[in-house]
Structure formats: structure tokens, C-alpha cells
Amino acid sequence: MVENSMGILSNFITLDPANMLFLLFVGFVGGLVSGFIGSGGAFVLTPGMMSIGVPGTIAVASNMCHKFPKAMVGAYKRWKYGQVDIKLGLIMAISAILGVQVGIQIQEAILKTWGNAGSNLYVSTMFIIVLTVVGSYVFKDALNMAKSKNTKEETTALAKRIQSINIPPMIYFDKIGTKISFWVTFPIGFCTGLLAATIAVGGFIGVPGMIYILGVTSTVGTATELVIAFVMGLVGSVKWAMSGMIDIRLTLIILAGSLIGVQIGAAATTFVKPYLIKFVMGFIMLLVAGSRILAVPQYLNELNIIHLEKQALNALDQTSFMIMSLTLLAGAIIIVFSMVRGKREFKSANAIAQVKVND
């Protein structure tokens, strides 16, 4: 075994057939979710890898490495559907790159000070906080939209106030239809990169930020996030690789699954109502947060902060893994089922319209 610059054994996990199949499935669902909601699907992939024993820092770095080619495929697919605001994506990506550099410095400092257990605790805690706060808000918004039966997205009051801010340089964005100050987009992009380097899920801030603060639709927000994910994923991967933190075996396996999933997820967005995208996003976020909560006692025990019996820790670990697996399966079923039903309704509507034209 060889140690990297952080003193971590690079050959840290044995990949048996069961682990490889699990990673392939996790990659497929991660790609499916990524293409559907544009958040990179890393909130599925990072905890998924950690659930089979991959250290948090290695999981984040390997996840980021697999992200940029997948995001590139997803962005191109969504661009062909006319859903991407390229200018907005590139401007936010520049800010995100700065956030990625800061986030990696924080990760490296924690790893040097407290080792793998400290890094795992940090990654899991950030997941729980971000997933719970953002997931609750997005899920509540999706339920309100579903109850009102309003399929048209309205620009939020916050976004309207933000759009009225006039601090140069002002930039016009086609998909929003108005000018927005660069100093409004900068903090959103920076925090997106910072979170991406911390838990490999910058989209949890980037997508809601574009929807609720800048005023883009959920379809455009999730599509544009893929452009940001591609750029900062490429830059972040180079940085992580220089530290020897990327396990290329994990990267290639999850990439193989996700490249298939991301195309199906992207195609599904053209056949579903906007609130359903938010519903799936919030649903998966909250359940993954619950899964990570159950994993925290293990890390606290390794840091000698608490002391639990091995049997209790194993039970918590298995329950966490089960919740994660069921969440992946449920998310995949919801997306595929919604796409099939939406496609059927689309064909039926076209057939009726054709009959009326012929009459």
C-alpha cells in the first residue's frame, strides 16, 4: 500500500463483486437524479460510498472527479432542449472555483488534525445541516405548488427584490429576461464551490439559489447547474488529484453507471411538471439526511467523544445503509415512473390535437 500526501492509504478498500455492483447502482441513481434535478447527484454518491467504508475525504474527491464528465454530458443534453443559460452558468462557475479552493483547504486542515474520523464527522455533519434545511424548504414549496395545482412557476418575492438591486456590473441573462448584479451571483457561486469541495454537492446551494434568489425556473436552474458542476468539477479534480486523494477505481465505476442515468434523468425533465422536480429533490434530501444522522455515532465513538457497544454501532450502521439503499431505489422509481406517465400524456395530447386538425 502507498500513502498519499495526507498519510492516508490509497488502497484503502477491497472492491468485491457486491461492492462493485452497489457502486454501479449508486452511480446509475446518482446520474439519474443529477440529470433530473441538476444537483450532481453527489448527495447520493458521497454517502453511498461512505456507507461501504470509503473515508469521507476520498469519497468527496472521487465523487468530484467523476462529476465533470457526467455534468458535461448532462449539460449538453439539457442545452439541446433549450434549458441552459450558458452565460449564467459560466459566471457562477468562476465564483465557484474560488469556493472550491477554500473548501479543499478546510478539508485538508481537518484531515491533518483529526484524521479520517474527524473528516467523516465533518462531511456527515455538513450533509445533515444542508440537506435538512434546504430539503425541508424545497419539499414544502413543492407541496404548496401541488396543492394549488399551479403548474406555472412564479418568480419569488425575494427574487424580484434581488433583481431590483442596481450595483455595477449589471449582466443581462436571457433565461431570466432581466439584468442582475454580478455581486448577487458571486456569493451564490462561491458558496456552491465551497460546499462542493466540502461534501461534493454544490448544487444544494446553486440550484435553490438560482430559483429562489435569482428568479430562474426550476428547469433552467437545474440545467444551468450542470454547467457550473462541469467547470468546478474539472478544476477541483486537478487539485484533489495533486493531493493523491482520488481513488480512480471508485471514480470509473460510479461514472459508468451515472453516464447512463444522467441521460434518462435529463430526458425525464421534458415530460414532468416543475413541482415534481422539486418534490423529488426535497424527498431524497430529507431521507439521505436521516441516513447520515444514524452514521454520526460511529465517528463520535472513533474520536472517543462517546462510547457505544459494538453491537449498537453495527445496528445503526446497517439501518443507515438500508435507508440509503431504499432512498436510492424510491428516487429512481419516482423519476422513471413520472417520465413514462408524462410521455404517455404528451403522446395522447398530440394525438387529440392531430385529430382536431384533421377534422
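Asn304 is found in the loop between α10 and α11; helices (DSSP runs of H or I, at least four residues) and strands (runs of E, at least two) are numbered from the N terminus. This is a predicted model, in which local features need pLDDT of at least 70 and side-chain atom pairs count only at pLDDT 80 or more, while totals for chains, interfaces and linings use all residues. Residues are numbered from 1 along each chain as its sequence is written, and side-chain values use heavy atoms, with hydrogens and water left out.

**Backbone features**
- Asn304 has a positive phi of about 60° although it is not a glycine.
- Most residues other than glycine have a negative phi, and most peptide bonds are trans.
- Asn304 counts as exposed because its relative accessibility is 56%; buried means under 20% relative accessible area, exposed over 50%, and partly exposed in between, with a 1.4 Å probe and protein chains only.
- A cis peptide bond, with omega at about 0°, joins Pro168 and Pro169.
- Pro169 is found in the loop between α5 (157-163) and β1 (170-173).

**Buried parts and nonpolar cores**
- In helix α7 (residues 203-214), 10 of the 12 residues are buried, and the helix is thus mostly covered.
- The buried residues of α7 include Phe204, Val207, Met210 and Leu214.
- The largest nonpolar core has 82 residues, of which Leu23, Val54, Leu88 and Leu214 touch the most other members. Helix α4 (residues 86-148) gives the most to this core, with 16 residues.
- A nonpolar core is a set of buried Ala, Val, Leu, Ile, Met, Phe, Trp, Tyr and Cys residues joined through side-chain atoms within 4.5 Å.
- Leaving aside neighbours within four places in sequence, Leu88 is in contact (heavy atoms within 4.5 Å) with Phe173, Ile176, Thr185, Met210, Leu214, Val216 and Thr224.
- Ser291 has its place in helix α10 (residues 274-302).
- Ser291 counts as buried because its relative accessible area is 1%.
- Not counting residues up to four places away in sequence, Ser291 touches Ser320, Ile323 and Met324.

**Aromatic pairs**
- The structure holds seven aromatic pairs. The rings of Tyr137 and Tyr212 form an edge-to-face pair, because their planes stand at 85° and their centres are 4.9 Å apart. Tyr137 lies in helix α4 and Tyr212 in helix α7, so this pair ties together parts that are 75 residues apart in sequence.
- Rings of Phe, Tyr and Trp (its six-membered ring) pair if their centres lie within 6.5 Å; planes under 30 degrees apart count as stacked, over 60 as edge-to-face and the rest as tilted.
- Tyr137 counts as partly exposed at 49% relative accessibility, whereas Tyr212 is buried, with a relative accessible area of 8%.
- Phe182, Trp183, Phe186 and Phe190 are linked into a cluster by ring pairs.
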